[in-house]
Amino acid sequence: MFSRSALSRGAQLAARRQGSQLAQRRSYAAASSAPSAFTYDTTEVSGVKVATRDSHGPTTKLAVVAKGGTRYQPAPGLTVGLEEFAFKNTERRLALRIIRESELLGGQLVAYHTREALVIEANFLREDIPYFTELLAEVIYQTKYTTYEFHEDVERVLKVKQAKLASDVSALALDSAHSVAFHTGLGASLYPTTATPLKSYLNEHSVADYAGAVYAKSSIALVGDGATTTALHKWTEQFFKSVPASPSSNVTLNSKATTYYGGEQRTAHTAGNSLVIAFPGSSFGTFKPEVAVLAALLGGQPNVKWSPGFTLLSKAAASAPGVVAAGTNLAYSDAGLLAIQVTGPAASVRKAGEEAVKALKSISEGTLSKEDLTKAIAKAKFDALEASQSGVSTLLSAGSGIIHTGKPFQIAETVQSIDGVTADKLKTTAKSLIDGKATVAAVGDLNVLPYAEELGLKV
């Protein structure tokens with residue numbers, strides 16, 4: 001086993017426990033209830049946008065959030081290729097060394113992407129922040145993008161994920177809904193399907209070029225949860241100063257503004273059945289509290305054991321055996337998608353879909369009870385506050401907010417606006433959705449799954 005002295009300079013620095021850090025760790029229980037626990041302090045350090053909040057716990061989450069999600073890739077597969085190259089060989093370290101050093105420090109390394117962001121993340125003991133800050137900086141501007149790693153690791157993992165996607169009707173339906181709703185950009189699939197001609201677009205050279213366009217100070221944010229502002233700023237200044245200030249390749253990101261189109265798409269599949277009914281939703285840039293309350297009212301799964309739940313989709317699912325239904329607002333920087341997704345046996349999916357549309361129409365007609373509105377507002381506030389506690393979604397939402405709007409998504413403003421939602425506002429919002437152009441995607445037994453017209457929707 002390696003001693004800490006055998007690790008890199010960053011790891012040696014991380015090994016120096018400070019008395020003040022121990023005191024901070026002892027105080028985390030009292031400090032976690034402070035208002036600042038939901039607020040990120042943002043600034044620019046050496047040209048890098050940095051957001052920090054300190055929950056005073058014993059661990060830290062640190063992530064580079066880059067404007068490199070699938071909506072920005074100029075060709076299919078580039079985002080997932082860049083994701084899979086994270087924590088591979090760099091100019092300074094082999095992948096094996098990165099793994100062993102991180103394990104010796106008890107750290108966890110993860111890379112993932114969304115439609116808008118590529119996230120390179122490390123979770124670790126808070127005193128080890130020097131090592132992992134250095135590592136993240138090294139990953140984004142010193143990765144080698146070797147040929148053998150592309151063929152042995154990146155391609156291999158991509159094929160496994162493609163095979164998994166091919167049998168996931170829920171993911172396929174959601175991808176289809178995005179494609180119909182937004183066409184290009186946000187309409188790009190999260191993962192390329194097995195039918196995508198990747199050989200024409202994806203190789204180690206194209207991934208390296210894409211990295212040069214994505215990993216620039218102008219397109220990234222460094223977000224820390226569980227770190228002091230002083231510590232993160234200090235190590236950011238030291239390790240991120242060499243990151244290019246602007247794109248270092250000739251690749252142009254797809255930065256076209258999002259337009260909502262709507263429409264219908266049907267795909268036959270033998271692995272199951274899924275139906276997505278969607279409408280224009282609320283974005284990060286323009287938050288609509290009525291949509292948040294409507295998503296909470298649609299709901300799906302009960303929050304209290306032994307109760308069917310008060311939400312409209314939980315009631316719809318109760319009359320359709322074997323169905324799983326959920327209503328969610330999928331928020332992006334310049335658009336949103338209020339999606340109702342129903343999965344299960346074809347006949348039950350059809351029935352639950354019909355009931356969901358009836359429920360939405362009933363809201364537009366003003367039949368919502370005062371009690372259900374109160375419950376929906378409370379649930380919307382709870383969902384927003386819970387999502388803002390320490391976890392993956394906080395780093396992602398804060399970083400996405402910074403790279404797209406210049407500031408993190410602040411929960412306090414959201415909760416205040418949700419309190420102002422009334423029955424009339426909810427009625428008006430629901431009516432505008434029903435009267436507008438919907439997005440409907442069906443995957444499965446098309447002989448049974450309904451058309452949009454049969455549901456009473458306009459496409």
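1. The secondary structure of the chain comprises 18 helices and eleven strands, where helices (H or I, at least four residues) and strands (E, at least two) are DSSP runs numbered from the N terminus. This is a predicted model, in which local features need pLDDT of at least 70 and side-chain atom pairs count only at pLDDT 80 or more, while totals for chains, interfaces and linings use all residues. Residues are numbered from 1 along each chain as its sequence is written, and side-chain values use heavy atoms, with hydrogens and water left out.

2. On overall form, the chain has a radius of gyration of 23 Å, which agrees with the value near 23 Å for a compact globule of 459 residues (taken over C-alpha atoms; the globule rule is 2.2 Å times the number of residues to the power 0.38). Of the 459 residues, 52% count as buried, that is, under 20% relative accessible area, with exposed over 50% and partly exposed in between (1.4 Å probe, protein chains only).

3. Thr70, in the loop between strand E3 (59-66) and helix H4 (78-84), is buried at a relative accessible area of 3%. Beyond its neighbours within four places in sequence, Thr70 is in contact (heavy atoms within 4.5 Å) with residues including Thr79, His113, Arg115 and Leu190.

4. Tyr145, between helix H6 (129-142) and helix H7 (147-166), has a positive phi of about 55° although it is not a glycine, and is buried at 13% relative accessibility. His183, between helix H8 (169-182) and helix H9 (204-214), has a positive phi near 60°, but counts as partly exposed at 42% relative accessibility.
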